[in-house]
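Reader: Please take me through this model slowly, and tell me how each kind of feature should be read before we turn to the case itself.

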Amino acid sequence: MAVREAAAGPRGPGRDEETALLYERAHSRHDPCWLLPVPPRLCLACVLELLPEPCVSLVRKKHVLSCFRDALLRHASLVVQLVAQDQRICIHFISMLFGLLCNVEDGSVIDLCIEVLIQLTTQLKLEQTVHCLLDECHKELCNMPSMRGSLATLTLLGKLVDAIPPLADKLVMEHSNLMEHLLRGLVYPNEGVRASVCYLYGKLYSSPVAAEMLSGHFREKLCPLFLSTLDGAQTKELQINCLGWLRQLLKYDLFVSVIMNESSLAESTEGVEGPPGKTSLPLVLKKLLLSRDETLQVASAHCITAVLVHSPAKHAPAFIHADIPEFLFEHLSSSSEVLVWFSYNCLILLAEEPLFFSKCHTVYGIESVVRSLQGSLRMNNTELHKEGLLLFAEILTRQPEEIKLFTSSTMCRDAGRALQEAVNSPVLEVAAEAVKAISAFLRKDHQSALPVQYRELRALLEAMLNRCADFSQTPLNRRPLRHSEQATQPNLMEVFLSILHSLFVIVPHMKEKFSKKLASSSFIRLTLELKARFCSSLSHSDLNQVCSSFLYDMSLNLLSAPEKTEPPSQEELSAVSAFLQHGLPEVHSRSPESLAFLSDRQYVEGTARQRQYCILLLFYLAYIHEDRFVSEAELFVAVQSFLLSLQDQDERPPLTVIRASIYLLAICQDKDDALDEAVVSAIRKFLEGIPDLHLVYIHHPLLLRFFLLYPELMSRFGHRVLELWFSWEESSYEELDDVSSAGQSPLPASLAALFSMLRSSPSILLILLDLIYSSPVDTARKVLIVLRTFLRRNEDVQVGGLIRGHFLLILQNLLVEHGASPSGDSGNLPLLLSLLSLLQLKNKSEQELDSMAMKLLHQVSKLCGKCSPADVDILQPSFNFLYWSLHQTTPSSQQRAAAVLLSSTALIELLEKTLALTWTEVDSPRTALLCSAWLLAASFSAQQHAGSLQVHQTLSVELDQVLKVLSFPKKKAALLSAAILCFLRTALQQSFSSALVALVPSGAQPPPAPEDTALAPLGTSQVLSLVIGLQNLLVQKDPLLSYACVACLEALLDYLHARSPDIAFHVVSQPWNRFLLFTLLDAGESSFLRPEILRLMTLFVRFQSSSVLSREEVGHVLQGAALADLSTLSNTTLQALRGFFLQVQSMGLLADESTAQTLHVSLEGLSPSTSSAEPPLDMLCLGGVAVSLSHIRD
């Protein structure tokens, strides 16, 4: 006891507090070695016994634990030495503290326990202790029936892994089934539990080894849960922990791909009932950007950057579609430098995606960028300055020229001033970034806002040049500069042009692009003006040399990378290099003097000629890049004189000079000015001396006009120049070929120019026709679409005869050259045939077929006869042409045309083979051809029967196959069914007595039943099956098919009535007919006024089928018709309504005389010409098949 009291020290102030730290009941048994010799006077043995004791108050336990924590902090080595002397005591201490942690609910005590456990574990550095604590946590989570009490354990695990990072790998490898408990915690409705789970996951995924081991777990189970947790987080703790976890995940390509794929799946199902729990990361981060919490905003921007750095091209579109740039631009006005920096960073990465610009985000945000740049330059943050300037430079460089960035001169001025302030920065790196931004800012299209601020631009340019010396070793600028017209001091301009010239060497891969920007920014004009002003009297030789070298390299760069012409050969470039090298130093005259020198017709010696070449080439390059600093009229005259001088001296200029001369003449020629014949002859002579026109061709509408304007040039080069024109055309013409939109969509400018030429000189169409036949398929298709579009949009241009005559010659030559098999070498013949069909369709009124039309019919029928059914690409347009020719002319011409076509036995044989394919290829790609074949067969049969035309070859058709196809129709073959119905209707109308069509059985047939004899060649069962098939087709409610069904049903009933009236009445009286009729009438309030339904009801009335349509229902129909506005009905409907009314009248079914009288007066007052309804087109092209509505309907 004496020893114990001595160790305890004398009693005095604070003695009561120390007593509170001791466990009185047990302290007397403890060895004094466990008592700390320094404040706080804590007995570790008492701590071990007091903390788990249930009788001790929680307040006292908290006090003891707090003092133990302080002792650990102040005297770590002393405490660790005491505890670590026996490993069992260590483990017992850890287990006791963990037990206290799990059994208390006071949050402050829990936090204290966790802190002490972490400190003790990290200070002891004993692996056994760590294993003990991990095992305790694992056991606690596994034995826990719910996640309600897991918060303390999960928080401890997270902080333990944070304090000892290698534990992440151990936890994943040795306690892998803990992951399932973490998943449960992530869906638990308590956000504190979820926050602790997210914190622990974040620490686990911070280890590359653990992250790799958990990759499958994340991909298969965790990803959607994580995204939904982040999306639904309400407390800041959960939001911060989720974002911390997300930042760890975004370090790895794999997890970025998994998360973004999950996000894209969520976006694809947005607005529809998709898989539950799908969340899009861009939308979640957008929501956090919109929050008013700066911490969350910065974290969100940081995460966006972390995604984009992996692959801007792959991931940027998702963020752009989520309108993220809009909110990033808004945050540029924030007072937080960190948020502004991250916003800059995100926007720079997004700017690598073209969609960023095409969605006009830069137009929305450019003012924010300028304002932010102005504000950030006032801060003492160099990194922020550089990042802002880098963003500004990226936007200025990548902005498409057609989308103007600066909408006012004020905004443009503010941007220039901000850049001037930046380039004057004392920090060299900031100034270097500013120079890059300035060079992009001086792009011509950025300076288009009027009025141009020349004074501001000059100050900006001078500020930039003054800084050039400070970083002469740094590649200043990858982008073009724009000069100020007032900056004409020779020394300054010498330095300026030297810097620009050096960039051709410093950045060789950009020299062509740089040269184009310089040329389009009037640098050719500027350099020539400098030479004329300062170098004409042999003064400023250094400036002259710099200007000449600059023009030399820029010219060769421009010629090496042309946009609308073939690149020159090495031989051509060598020739240009030679005359530029000798001639440029001698060019130092003003524009008027240069034009006069170019016009000199006197003998020109070699050196002077090279100067002329140089002047012409520089004018050409300037004009190519829209810098027309010399008068077009004067240049037009000068170039003519120059060409005549070449001809006079019998010189052959380089290809580049010929190209430049023709281009300048084409561009400068006014509508009223024409070249002298001598000049045209000279041009033709020069062009005939080159191997091919493509060597000097430049793709421009005015150059095309130039060649087509002069007959001497068009006759010699028109075919080739048009071929080159179409091969260079990059516009997509497919949408122009859409008949429904052709009249509304605007034409491309190049096409409008061509159409203007075609209207003024229709003979060009003949060249286009040759091109369709002889050019490569891609080019021929473009030409075909252009011709189709021209013919549709220019109804007043009568060129049908011209084109048909030329086409006849092509067709005749083809048949002579390729003999019996034109299909094998058809080339582009199908395209020509489709054009011929269009010309035929363009004839809207019935016209007599002239001799040209008859010749074409004969040649096309011959062509068809030499083909097989496999030649669909030739036969389809040919059949269309033949069909339209038959139906779009007068009755007398129809007879003549039919006689011509029937005389072709090969055509009839082909038709028979094609029709036979119907039974095997209903759903094949040949369906359209089969439709045309049946329509042609029906037309041929009708015309032959009506005119008793001579038959040279019969057309055999299997009747039972026809009936089978119609009795069991295919839903997707409505047009084919309509065509076969048209054929069958014709056969029924002729009572199967056609001299042309031979209806044959498919095979051996049993003898007909006695009751079927009168219906031959039909049988009763076939009739009933056919009627059911017609009813099924009518229910499809396809208008064209309905017309064909009703017309065929009319013909069938007429046929049956003439042979067996009982069967006819039996067919009409079927109850199914009533259901059919009311199904058709269910289509709308006025559906009874559809012509096919009126004709069907007329049929039922005619055959007195009151079970289908009663007298009262007939009265209702008439009453509805009397109330309708008949003037709005089509002529077809009026005709059907008259037929119904007259049939009802003749059958004595008019119950209401007043209604009948009203309807009679209305019908009598309406002739076909007085109907206000627009008459529908009779000739149509449906799915590539020529169709006459009247043929199908009547």
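Author: Let us begin at the start of helix α36, where a side-chain oxygen of S631 reaches to within 3.4 Å of the backbone nitrogen of A633. A polar contact is a pair of N or O atoms within 3.5 Å, one able to donate a hydrogen and the other to accept it, and residues adjacent in sequence count only if both atoms are side-chain atoms. Helices (H or I, at least four residues) and strands (E, at least two) are DSSP runs numbered from the N terminus. This is a predicted model, in which local features need pLDDT of at least 70 and side-chain atom pairs count only at pLDDT 80 or more, while totals for chains, interfaces and linings use all residues. Residues are numbered from 1 along each chain as its sequence is written, and side-chain values use heavy atoms, with hydrogens and water left out.

Reader: What span should the 17 residues of α36 have?

Author: The expected span of a helix is 1.5 Å times one less than its number of residues. For α36 (residues 632-648) that gives 24 Å, and because its end C-alpha atoms are 24 Å apart, the two agree. Just after α36, D650 takes a positive phi of about 55°.

Reader: How much of the whole protein is buried, and how many helices and strands does it have?

Author: Of its 1194 residues, 55% count as buried, and the secondary structure comes to 61 helices and four strands. Among contacts between residues at least 6 apart in sequence, 75% join residues at least 24 apart.

Reader: Which residues touch the most other members of the largest nonpolar core?

Author: In soluble globular proteins, nonpolar side chains tend to be buried together. A nonpolar core is a set of buried Ala, Val, Leu, Ile, Met, Phe, Trp, Tyr and Cys residues joined through side-chain atoms within 4.5 Å. The largest one here has 419 residues, of which F218 and F879 touch the most other members. Helix α54 gives the most to this core, with 13 residues. Residues that F879 touches, not counting those up to four places away in sequence, include C864, L907, L929 and L936.

Reader: Is α54 mostly covered or mostly exposed?

Author: Helix α54 (residues 1039-1059) is mostly covered, with 15 of its 21 residues buried. It reaches 31 Å from its first C-alpha to its last, close to the 30 Å expected. At its start, a side-chain oxygen of D1038 comes within 3.3 Å of the backbone nitrogen of L1040.

Reader: How many aromatic pairs are there?

Author: Rings of Phe, Tyr and Trp (its six-membered ring) pair if their centres lie within 6.5 Å, and planes under 30 degrees apart count as stacked, over 60 as edge-to-face and the rest as tilted. The count comes to 30 aromatic pairs by this rule. One of them joins Y205 and W245, a tilted pair at 6.2 Å centre to centre with 35° between the planes. This pair links distant parts of the chain, 40 residues apart, with Y205 in the loop between α13 (191-204) and α14 (208-213) and W245 in helix α16 (residues 236-249). Both Y205 and W245 are buried. Y205 also forms an edge-to-face pair with F255, at 5.4 Å and 85°. Here F255 lies in helix α17 (residues 253-268), 50 residues from Y205. Ring pairs link Y201, Y205, F218, F226, W245, Y252 and F255 into a cluster.

Methods. Buried < 20%, exposed > 50% of the residue type's maximum accessible area, 1.4 Å probe, protein only. Contact = heavy atoms within 4.5 Å.
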